[in-house]
Each structure stands twice: as structure tokens, then as C-alpha cells.
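Good morning. Please have a look at it first.

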Amino acid sequence: MLKQNIENILNSQIEKEAYSSNLYLSMASWSENKGFEGTAAWLYEHADEERDHMLKFIKYVNDRGGNAIIPEIKMPPSEFNNVKDMFKEVLAHEQYITESINNIVAICMDDKDFTTLNWIQLFVTEQIEEEALVNGIIDKLNLLDGNNMYLFDKDMKAEAAQTDL
Ligand code: FEO
């Protein structure tokens with residue numbers, strides 16, 4: 001059985017994962033309308049992945065005897081300066097999510113909820129991968145320095161095709 005404070009913090013993570021999914025959907029939609037089809041494909045897939053994260057939290061809360069609450073989600077931004085700035089926003093958002101996951105880890109340790117502490121390790125690892133992935137994309141954008149965005153977009157299309165959700 002989950003303690004109330006753990007249930008609350010996991011429910012708040014459900015909202016954050018749902019927002020992540022919608023944020024990346026919004027970025028995908030913007031990219032699609034600007035002609036960046038590969039970038040859009042990558043972001044649509046990433047939005048699905050965030051929805052999957054949200055579902056994992058919902059299932060975990062319910063499996064442990066809590067009540068997963070489906071939250072209202074605030075509207076994400078719909079305009080972005082350019083592709084590079086957009087991916088900087090992705091990185092900042094993922095860093096915020098990492099902090100949020102670390103906060104759950106700290107609360108689980110304080111409360112000696114070793115079951116949730118063990119389960120949440122999946123997301124500790126996931127955040128290392130996500131930040132590294134987005135850092136790699138920003139590195140590529142820095143190398144291109146605004147040039148040959150067609151090549152970048154083709155590369156993103158190839159990456160999206162490889163993603164196994
Ligand atoms: Fe659900 Fe991108 O972290």
C-alpha cells in the first residue's frame with residue numbers, strides 16, 4: 001500500500017509526463033508545418049514515449065493500491081524560434097523532469113519506501129538516456145550552425161525510423 005505522500009508525488013509525476021507528451025506533440029506539429037518532416041516524426045514518437053511513461057506511473061499507483069488521477073494539462077507553447085532553440089527547450093524540460101524524478105527518489109528514501117525506490121530506478125536510467133540523446137541532437141545542430149538543415153532533418157527521420165517504442 002502506498003503512503004499518501006508517495007501517492008501524491010507519483011500523481012504529480014503523471015501530470016508532468018502528460019505535459020511532456022503534449023509539449024513534444026506541439027513541437028512536432030510546429031516542425032511539420034515548417035517543413036521539418038523528420039524532426040516532426042522524431043518528436044511525434046517522443047510524445048508517444050512520454051505517454052508511455054505516464055501510463056507506467058498510472059499502472060504503478062493503481063497496482064500498489066493507490067488512485068491514479070488523470071490530470072488537467074496546461075497548454076504547451078505553440079511557437080518556437082527555430083529548431084535549435086526548440087531542442088534547447090527539450091533539454092531544459094528533460095533536466096526539469098530529471099530533477100523531479102530525483103526528488104521522488106529522495107522522498108522514497110526518507111520514507112523507506114524501498115518498493116517504489118526500486119521501481120523508480122527505471123526512470124533514473126531513462127533520464128540519463130534522454131538527456132544524452134537530446135544533448136547529442138544539440139551537438140549536431142551546433143556543428144551545422146544553422147546550415148544544411150535538410151541534412152539534419154533527414155538524419156532525424158532515420159533516427160525516428162529506428163526508434164523502438
Ligand atoms: Fe518522461 Fe522524457 O521523460
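Where is the place of Asn-148? Asn-148 sits in the loop between H4 and H5. The H names are helices, that is DSSP runs of H or I with at least four residues, whereas strands are runs of E with at least two, and both are numbered from the N terminus.

Before going on, two remarks on the source. This is a predicted model, in which local features need pLDDT of at least 70 and side-chain atom pairs count only at pLDDT 80 or more, while totals for chains, interfaces and linings use all residues. Residues are numbered from 1 along each chain as its sequence is written, and side-chain values use heavy atoms, with hydrogens and water left out.

Back to Asn-148. Its phi is near 50°, a positive value in a residue other than glycine. Asn-148 has a relative accessible area of 44%, so it is partly exposed. On that scale, buried means under 20% relative accessible area, exposed means over 50%, and partly exposed is in between, with a 1.4 Å probe and protein chains only.

Lys-112 also has a positive phi, near 55°, and is not a glycine. Lys-112 is in the loop between H3 and H4. With a relative accessible area of 60%, Lys-112 is exposed.

Next, the helix pairs. Two packed helices are described by the angle between their axes and the distance between the axes. The axes are lines fitted to C-alpha atoms, for helices over the stretch in contact, and the angles run from 0 to 180 degrees between N-to-C directions.

Helix H1 covers residues 4-33, and it packs against H2 at an angle of about 165°, with the axes 8 Å apart. H1 and H2 are therefore roughly antiparallel to each other. The cut-offs are these: under 35 degrees is roughly parallel, over 145 roughly antiparallel, 65 to 115 roughly perpendicular, and the rest oblique. H1 passes H2 in a left-handed crossing. Left-handed means that the near helix is turned anticlockwise from the far one by less than a right angle, and right-handed means clockwise. In the contact of H1 with H2 there are 16 nonpolar, eight polar and five charged residues. Here Ala, Val, Leu, Ile, Met, Phe, Trp, Tyr, Cys and Pro count as nonpolar, Asp, Glu, Lys and Arg as charged, and the others, Gly among them, as polar.

The other pair is H3, residues 83-110, with H4, residues 114-144: the angle is about 160° and the axes are 9 Å apart. That makes H3 roughly antiparallel to H4. The crossing of H3 past H4 is left-handed. The contact of H3 with H4 has 18 nonpolar, six polar and five charged residues.

How long is H2? Its 27 residues should span 39 Å at 1.5 Å a residue, and its end C-alpha atoms are 39 Å apart, which agrees. The expected span is 1.5 Å times one less than the number of residues. After H2 comes Gly-65, with a positive phi near 85°.

Is Thr-116 buried or exposed? Its relative accessible area is 0%, so Thr-116 is buried. Thr-116 is 56 residues from Tyr-60 in sequence, yet their C-alpha atoms are 8.8 Å apart.

Last, the charges. Side chains of opposite charge can pair when their charged atoms come close. A salt bridge here is a side-chain nitrogen of Lys or Arg within 4 Å of a carboxyl oxygen of Asp or Glu. How many does a search of the whole structure find? It finds six salt bridges.

One of them joins Asp-63 and Lys-59, at 3.8 Å from N to O. Both lie in H2, residues 37-63, four residues apart, about one turn of the helix. Asp-63 and Lys-59 are both exposed.

Another joins Asp-155 and Lys-140, with the closest N and O atoms 2.6 Å apart. This pair links distant parts of the chain, with Asp-155 in H5, residues 149-162, and Lys-140 in H4, 15 residues apart. Lys-140 also forms a salt bridge with Glu-159, at 3.0 Å between the closest N and O atoms. Lys-140 in H4 and Glu-159 in H5 are 19 residues apart. Asp-155 is partly exposed at 32%, Lys-140 is partly exposed at 28%, and Glu-159 is partly exposed at 22%.
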